[in-house]
Amino acid sequence: MIRRSLTAAIAAIAITSAPMAAADEGGLGAQLGLPERSPQALDDFIHSPKGRTFRVRFDPESRIRLGAAASGARKENGRITPALEIHAGISVRRRYAFGEGPSRIEWQFDQRILSGFVAPFARPFGDMPSFDTVLYGAAAHRHDLAPRIVLPSSPPLSIPFPFDVGFDAEFGRVTVPRALPTGAADGGAIPFLRVSVARATAYLDPLRSNHPGRSLELGVGVRYDLDAYGAQRGTGPADSIARPRLVHRVAPGTAGSIRFRFETQDGLLSLDTRAEITPHWTSERTWKLAALGYGRVERTILAINDEPISVFLEGSYRLVPPTLELATLHDVRASLGISFGLDLTPDPRVKKIPPRSRQIPTTTPAP
């Protein structure tokens, strides 16, 4: 009952929630004219000699995660400090296909909601724990079996286009790193918090894989970050960010990125890496250069009642350029942990029951 309630809640939030019902012929998806889920989804299961059905294939981007990890991060003094991290998040993936043969087009939609981690016992300043969470992220990937560029000449000219295309966006990411920026003159640490208000990237994929979750994304995008710094040394509380100094950072189409994703066909192993170089304009009326790097490897090791348990290795790097009276900040972190998931993949074994009618049945009098 709890799992069904959680699944219903995610379906209400997700943009592509309506097609989640298209799991069997004659259901709500068929009534709405939505694409049906392939019967091959039944291959995701095996049957025991006693007739029990078990899931052996998983979608690493369709689950609710809760996990814990041991991590190490570089502090501003260069030392590596350990900490416990709590990881959580909701991810939803839906795939659709239209047409047949060379005209077939496939779409993959990935969404992440309230995802990230918190290190409750690592407090860079005051009572503020270190954390990195994102409110909402979405990605759309279009795979065309015969991609073309059509020029509106007379007659129209068709040119082969050897790329898949896609779009990746993120909104409301808040980060408190364990490493704090330091004064260029005295080396004193200053409280720091970053709000990545919005990021959007359009990309080309020369890999053009037929398998879900496999792509090489070469992107160009925009982003807006807001950095909050504590008071200058000697002018206010050294461990408070109650009255921050703000630095606005805007990349007007100058953020270049590369991302590589790979998943095995059974979904038991997944890899996601991303790097970004961002020349940007700041509220100090000057151009600066920032950089980001991220990588995660996740392996499903077992399942309890069809719910996956995974181990993961994750690492990140962030370069914040010098600003105000502060030196360059290098934020480096790595973590190794275990994650329990509630699988949100539509289950083809579930039969849909038509809603009960509210009309009072009428009886026809016997002749």
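**Reading buried charges and strand contacts in a predicted model**

Reader: What joins Arg93 with Asp110?

Author: The general idea comes first. Side chains of opposite charge can pair when their charged atoms come close. In this case the two residues form a salt bridge, in which the closest N and O atoms lie 2.8 Å apart.

Reader: How many salt bridges does the structure hold?

Author: The total is 36. Another of them brings together the side chains of Arg223 and Glu276, with an N to O distance of 2.8 Å. This pair too links distant parts of the chain: Arg223 sits in strand β11 (residues 215-229), Glu276 in strand β13 (residues 269-282), and they are 53 residues apart.

Reader: Why does Arg223 count as buried?

Author: The class follows from relative accessible area, and buried means under 20%. Arg223 counts as buried because its relative accessibility is 8%. Glu276 has a value of 3%, so Glu276 counts as buried as well.

Reader: Which residue forms a salt bridge with Glu106?

Author: The partner is Arg104, and the closest N and O atoms are 3.1 Å apart. Here the two ends fall in separate classes of accessibility. Glu106 counts as buried, at 14% relative accessibility, whereas Arg104, with a relative accessible area of 24%, is partly exposed.

Reader: Let us turn to the chain as a whole. How many helices and strands does the chain have?

Author: There are 2 helices and 16 strands. Contacts may then be sorted by separation in sequence. Among those with a separation of 6 or more, residues 24 or more positions apart account for 62%. As for burial, 43% of the 367 residues count as buried. The chain exposes about 19800 Å², of which carbon and sulfur atoms supply 64%.

Reader: What is the mean pLDDT of the chain?

Author: The mean is 85, and 83% of the residues reach 70 or more. Over residues 8-41, by contrast, the pLDDT is below 50, although this stretch has 44 contacts in the model beyond near neighbours in sequence. Those contacts should be read with that confidence value in mind.

Reader: Which side chain is joined to that of Ser71 by a polar contact?

Author: It is the side chain of Glu85, at 3.1 Å. Ser71 lies in strand β3 (residues 63-74) and counts as buried, at 6% relative accessibility. Once residues up to four places away are set aside, the residues that Ser71 touches include Thr81, Pro82, Arg178 and Ala334.

Reader: How many residues apart in sequence are Ser196 and Asp225?

Author: They are 29 residues apart in sequence, while their C-alpha atoms are 4.3 Å apart in space. Ser196 is placed in strand β10 (residues 192-205), and its relative accessibility of 8% makes it count as buried. Beyond four places in sequence, Ser196 touches Phe171, Gly172, Arg173, Arg223, Tyr224 and Asp225. Among these is Arg223, the salt-bridge partner of Glu276.

Reader: Let us close with the surface. Which residues make the nonpolar surface patch of about 410 Å²?

Author: The patch is made by Ile301, Leu302, Ile304, Val311 and Ile338. Strand β14 (residues 287-304) gives the most to it, with 3 residues. Val311 comes from strand β15 (residues 307-320) and is partly exposed, with a relative accessible area of 32%. Two members of the patch, Ile301 and Ile338, are also in contact with the buried Ser310.

Methods
Residues numbered from 1 in each chain as written. Predicted model: local features only at pLDDT ≥ 70, side-chain atom pairs only at ≥ 80, totals over all residues. Heavy atoms only, no water. Salt bridge = Lys/Arg side-chain N within 4 Å of Asp/Glu carboxyl O. Buried < 20%, exposed > 50% of the residue type's maximum accessible area, 1.4 Å probe, protein only. Helix = DSSP H or I, 4+ residues; strand = E, 2+ residues; numbered from the N terminus. Contact = heavy atoms within 4.5 Å. Areas by Shrake-Rupley, 256 points an atom, 1.4 Å probe, with all protein chains shown as cover. Polar contact = N/O pair within 3.5 Å; in protein donor to acceptor, adjacent residues only side chain to side chain. pLDDT = per-residue confidence, 0-100. Patch = residues over 30% accessible without salt bridge, like charges linked within 9 Å, V, L, I, M, F, W, Y side chains within 5 Å.
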